[in-house]
Amino acid sequence: MAKKAASSEASDSGKKLVIVESPTKAKTIRKFLGKDYIVESCMGHIRDLPQSAKDIPEKVKKEPWANLGVNTEKNFAPLYCIPKDKVKVVKTLKEKLSEASELYLATDEDREGESISWHLKEVLNPQVPTKRMVFNEITKDAILKALKDTRDINFNLVKAQEARRVLDRLVGYTISPLLWKKVAYGLSAGRVQSVAVRLIVEREHERIQFRKAQYWGALAQLQKSGVTFESRLQFLNGKKVATGADFDGTTGKLKEGKDIQILDEKTARDLVQKLKNDSWQVSEVEEKPTTRKPAAPFITSTLQQEANRKLGMSSRETMQVAQKLYEQGFITYMRTDSTFLSKEALEAARSCISSKYGKEYLPPAARTFDAKKAKGAQEAHEAIRPAGTEFVDPDATGLVGPQAKLYELIWKRTVASQMVDARQKQMSVKIQVGPATFAASGMTIEFPGFLRAYVEGSDDPDAELAEREVRLPALKKADALTCAQLDPTDHETKPPARYTEASLVQTMEREGIGRPSTYASIIGTIIDRGYVRRAGTALVPTFTAMVVSKLLKDYLTQYVDLGFTSEMEKSLDNIADGDLDSQDYLSKIYSGKAGLKALVDSQEKKIDPEQARSLSLQGLEKFDFRVGKYGAYVCTDRDGAEVCASIPESESPADMTAEAALKLIDQKINGADALGKDPKTGLPVYALTGRYGPYVQLGDVDSDDAKPKRVSVPAGVAIENVTFEQALSLLALPKTLGLHPSLGKDIKAGLGRFGPFVVCEGDYRSIPKGESIFTISFERALELLSQPKKGRGRAAPLRELGKHPEDDEMIQIMNGPYGPYFKWGKVNASLPEGADPQKVTLEEALPLLAEKAGSSKSKSKGKGGKKTASKPKGKAAPKTASKGAKKGAAAASAS
């Protein structure tokens with residue numbers, strides 16, 4: 001009775017508690033709600049399946065299913081635990097809830113968000129009215145509307161998310177141990193990640209099988225009325241001349257059924273000499289007006305693709321930045337499969353078009369797009385667009401860095417989607433000269449329409465429009481042309497391009513593999529776990545990926561099959577719709593004679609570990625490529641004995657040649673020739689290549705396993721180009737450049753994990769690209785150390801307010817993960833609520849920093865007087881430069 005009375009009293013007088021996932025989201029929503037509301041963050045999921053044996057409760061540790069974290073004997077019930085880092089969060093939420101009269105669960109409106117809300121309700125066990133509050137954008141109107149239009153938790157969505165989580169656990173935790181036993185410990189498999197790896201591996205096999213073809217052609221520079229244009233040879237004696245598309249990449253020969261001639265070098269050169277002085281005449285002219293429609297506004301997958309193409313951002317970075325934009329109220333929710341725009345959004349876009357581009361760019365009626373329906377499409381939100389009923393112009397947001405670039409991309413794409421079509425004119429011309437027919441094509445933009453705002457794959461629409469136009473002179477049949485230049489051209493066919501993040505996302509979405517909202521984490525996972533590495537924008541599989549993908553394809557075929565994985569997604573959709581029972585589905589996948597558990601148990605007996613960890617590459621049959629505990633290595637037979645050598649991680653399977661493999665083997669057998677002897681020690685100096693890339697080494701490896709000094713070769717320096725003098729300079733690192741004039745301490749230059757640097761008393765600065773660590777001077781090092789520290793991957797300051805009167809150190813405004821803040825040395829202080837970073841003054845910053853500095857001193861006294869850096873409320877404390885750089889310096893050696 002007492003408990004009920006207390007609950008009733010809280011209900012009458014307490015504040016209303018709103019729980020969201022992140023501090024930034026909470027901070028933004030607080031601005032829109034009055035004093036009657038408490039807005040708190042749960043920091044994402046507060047419960048999950050156990051991540052390690054330590055998380056498993058004692059009472060179930062001896063159960064056969066305990067390590068899975070899923071009770072496979074009782075309806076696949078998940079074993080939920082509160083992680084240690086969430087215990088304090090849960091305690092705080094319970095305390096806040098005890099003072100509240102109502103609870104609003106305001107997590108994201110998707111399966112993940114619905115699941116978080118359900119877990120919150122289960123753990124907090126509220127004794128007050130509880131409502132599910134959903135919104136698609138964080139604006140005042142949207143939040144106030146969501147408070148009025150609440151609903152109950154959607155248990156179909158919760159079940160679907162739980163089934164997905166359990167299914168991923170069953171697949172990953174059942175197959176991964178098989179890889180540990182048969183290939184190497186620590187490898188992992190996943191329901192979606194293994195299929196993504198297979199796609200990348202199969203493209204690598206296509207590159208391995210590729211056979212190059214060479215062909216020739218001719219290029220003419222023709223003139224008419226003072227205008228010069230290009231024309232290429234298309235037919236000779238009435239027969240088409242081969243181009244790259246006519247060849248079969250696996251054979252290097254013409255595709256079957258092609259009645260085409262291949263020009264060799266002699267034929268091409270003879271033809272050029274013959275045609276140079278012949279008369280050139282237009283034989284055919286075709287003009288055709290065309291229109292081009294704008295692309296639909298962004299959904300999750302297309303945003304990731306375009307951000308990768310246009311901004312060079314990874315899928316993971318794109319989603320992190322988009323999350324921040326959403327939480328700060330700049331864009332709508334970024335996990336969506338819908339291209340739908342609300343009435344308010346359409347009106348806002350049309351208003352932007354009319355004011356910024358003019359009424360001629362505005363269509364009579366708003367555009368609508370067919371609902372995006374890739375395989376397994378889910379989450380019926382709006383498209384990703386600028387938030388609110390008025391779109392904030394990109395120049396007026398105050399955003400900087402990646403956030404500014406991504407917001408501008410979203411703004412342009414949304415606005416362009418509601419602009420008129422682009423009108424173009426295409427022109428095709430054929431030119432006859434002797435027995436040869438040349439062809440030229442042109443395109444002019446009659447009216448740019450939506451292209452004025454947005455061109456796919458371009459950052460500057462105006463510049464891109466000019467580049468897209470190929471203008472031909474006015475031509476008609478029988479016009480005579482002048483040949484200004486005619487040259488033979490040689491060509492080689494190219495292997496299939498490796499996947500980029502953009503093309504991989506596109507393929508996965510088209511095939512219905514996984515969810516677009518998870519693509520960023522999937523790609524991040526396969527890179528982090530050593531299956532794939534980036535080479536520029538390309539995703540290159542490692543030898544480990546090739547071996548693991550081969551094993552899964554040979555023995556667990558359906559779990560890396562595109563169709564099977566897509567069907568899994570459909571089943572999860574059916575669970576979300578309430579059309580399929582999750583327990584029945586999980587039982588079908590995992591249990592019984594045809595289930596995953598039985599399949600893995602039976603196949604394990606058939607797999608020979610030696611065969612499983614080896615790989616044969618087409619054209620390199622005399623070499624055996626293997627994966628072991630320490631990475632990939634290559635083996636071959638030499639004088640009746642097997643010799644093996646490590647393969648550098650930078651070496652890709654498709655680019656491996658017999659010459660490269662022999663070089664590694666020879667280096668292993670004979671050792672490398674010394675570049676010379678160190679004048680100080682008399683020890684030999686080598687330039688070598690190891691698992692982690694090229695390095696220089698002082699001395700030989702002793703029999704007692706003592707490791708000689710090794711230093712990585714800087715990026716961009718080929719191992720074969722390393723000179724003896726450069727090697728000595730590298731081995732001398734870190735080198736002292738001189739004493740700091742004011743500190744009286746050594747300034748040194750060194751080479752760390754993140755490249756070359758200069759350092760004084762733990763204060764590090766990177767040496768800019770283009771400058772050499774070998775030649776950097778004392779004066780240049782001083783100049784670098786005097787510059788404000790940017791930090792690895794950190795944006796430049798938003799503003800510099802001026803120097804602090806106590807120590808003349810610059811006070812800066814930085815943009816942190818939870819909003820802008822003042823920075824004075826190691827002291828940080830948040831800007832006042834609602835303050836504009838461009839308008840705050842030095843006078844406003846000083847008392848806030850003094851308060852923070854005082855707080856730090858009092859804390860440090862309580863810990864033995866040791867001075868500690870202040871940590872801004874709600875922000876992650878910035879790492880000190882010395883720690884990160886010392887770690888980098890420690891990783892300088894490569895072996």
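Analyst: Strands are DSSP runs (E, at least two residues) and helices are DSSP runs (H or I, at least four), numbered from the N terminus. The model discussed here is predicted.

User: In which loop is the place of Met43?

Analyst: Met43 has a phi of about 60°, which is positive although the residue is not a glycine. With a relative accessibility of 39%, Met43 counts as partly exposed. Its place is in the loop between strand S2 (37–41) and strand S3 (70–71).

User: Is Asp639 buried or exposed?

Analyst: Asp639 is a residue other than glycine with a positive phi, near 55°. Most residues other than glycine have a negative phi. Asp639 lies in the loop between strand S18 (631–638) and strand S19 (641–646). The cut-off for exposed is over 50% relative accessible area, and at 84% relative accessibility Asp639 counts as exposed.

User: What is the omega of the cis peptide bond between Leu733 and Pro734?

Analyst: Pro734 has its place in the loop between helix H22 (724–731) and strand S24 (735–739). Most peptide bonds are trans. The bond that joins Leu733 and Pro734 is cis, with an omega of about -5°.

User: Are H6 and H18 roughly parallel or roughly antiparallel to each other?

Analyst: Helix H6 (residues 155–182) packs against helix H18 (residues 582–590) with the axes 10 Å apart and at an angle of about 15°. Angles under 35 degrees count as roughly parallel and angles over 145 as roughly antiparallel. The two helices, H6 and H18, are therefore roughly parallel.

User: How do the residues of the contact of H6 with H18 divide into nonpolar, polar and charged?

Analyst: The crossing of these helices, H6 and H18, is right-handed. From H6, the residues Lys159, Ala163, Val166, Leu167, Leu170 and Thr174 meet Ser582, Tyr585, Leu586, Ile589 and Tyr590 of H18. The contact of H6 with H18 divides into eight nonpolar, two polar and one charged.

User: How is H17 oriented relative to H18, roughly parallel or roughly antiparallel?

Analyst: The axes of helix H17 (residues 562–576) and H18 come within 10 Å, and they cross at roughly 160°. That makes the orientation of H17 to H18 roughly antiparallel.

User: Which residues in H18 are met by Phe564, Met568, Ser571 and Ile575 in H17?

Analyst: The residues of the contact of H17 with H18 comprise five nonpolar, two polar and no charged. On the H18 side, the residues met by Phe564, Met568, Ser571 and Ile575 are Ser582, Tyr585 and Ile589.

User: What is the angle between the ring planes of Phe298 and Tyr454?

Analyst: A pair of aromatic rings is described by the distance of the centres and the angle of the planes. The count for this chain comes to 15 aromatic pairs. Phe298 and Tyr454 form one that is edge-to-face, with 6.5 Å centre to centre and a plane angle of 80°.

User: How far apart in sequence are the parts that the pair of Phe298 and Tyr454 ties together?

Analyst: Both Phe298 and Tyr454 are buried. Phe298 lies in the loop between strand S10 (280–292) and helix H9 (300–311), and Tyr454 in the loop between strand S12 (436–447) and helix H13 (461–468), so the pair ties together parts separated in sequence by 156 residues.

User: Is the ring pair of Tyr559 and Phe564 stacked or edge-to-face?

Analyst: Tyr559 counts as buried at 5% relative accessibility. The ring centres of Tyr559 and Phe564 are 5.2 Å apart and the planes stand at 75°. Planes over 60 degrees apart count as edge-to-face, so the pair of Tyr559 and Phe564 is edge-to-face.

User: What separation do the C-alpha atoms of Phe543 and Arg626 have?

Analyst: Phe543 lies in helix H16 (residues 543–555) and is buried, with a relative accessible area of 5%. Beyond residues up to four places away in sequence, Phe543 touches residues including Leu615, Phe625, Val627, Ile647 and Met656. Phe543 and Arg626 are 83 residues apart along the chain, and their C-alpha atoms are separated by 7.7 Å.

User: Which residues outside four places in sequence are in contact with Ser117?

Analyst: Ser117 is found in helix H4 (residues 111–124). Its relative accessible area is 0%, so Ser117 is buried. Leaving aside neighbours within four places, the contacts of Ser117 are Leu105, Thr107, Arg132 and Ile153.

User: What percentage of the residues of the chain count as buried?

Analyst: The secondary structure of the chain comes to 25 helices and 31 strands. Of contacts between residues at least 6 apart in sequence, 66% join residues at least 24 apart. The chain has 895 residues, and the share that counts as buried is 48%.

How values were computed
Residues numbered from 1 in each chain as written. Predicted model: local features only at pLDDT ≥ 70, side-chain atom pairs only at ≥ 80, totals over all residues. Heavy atoms only, no water. Axes fitted to C-alpha atoms, helices over the stretch in contact; angles between N-to-C directions. Parallel < 35°, antiparallel > 145°, perpendicular 65-115°, else oblique. Left-handed = near helix turned anticlockwise from the far one by under 90°. Contact = heavy atoms within 4.5 Å. Nonpolar A, V, L, I, M, F, W, Y, C, P; charged D, E, K, R; others polar. Phe/Tyr/Trp six-rings, centres within 6.5 Å; stacked < 30°, edge-to-face > 60°. Buried < 20%, exposed > 50% of the residue type's maximum accessible area, 1.4 Å probe, protein only.
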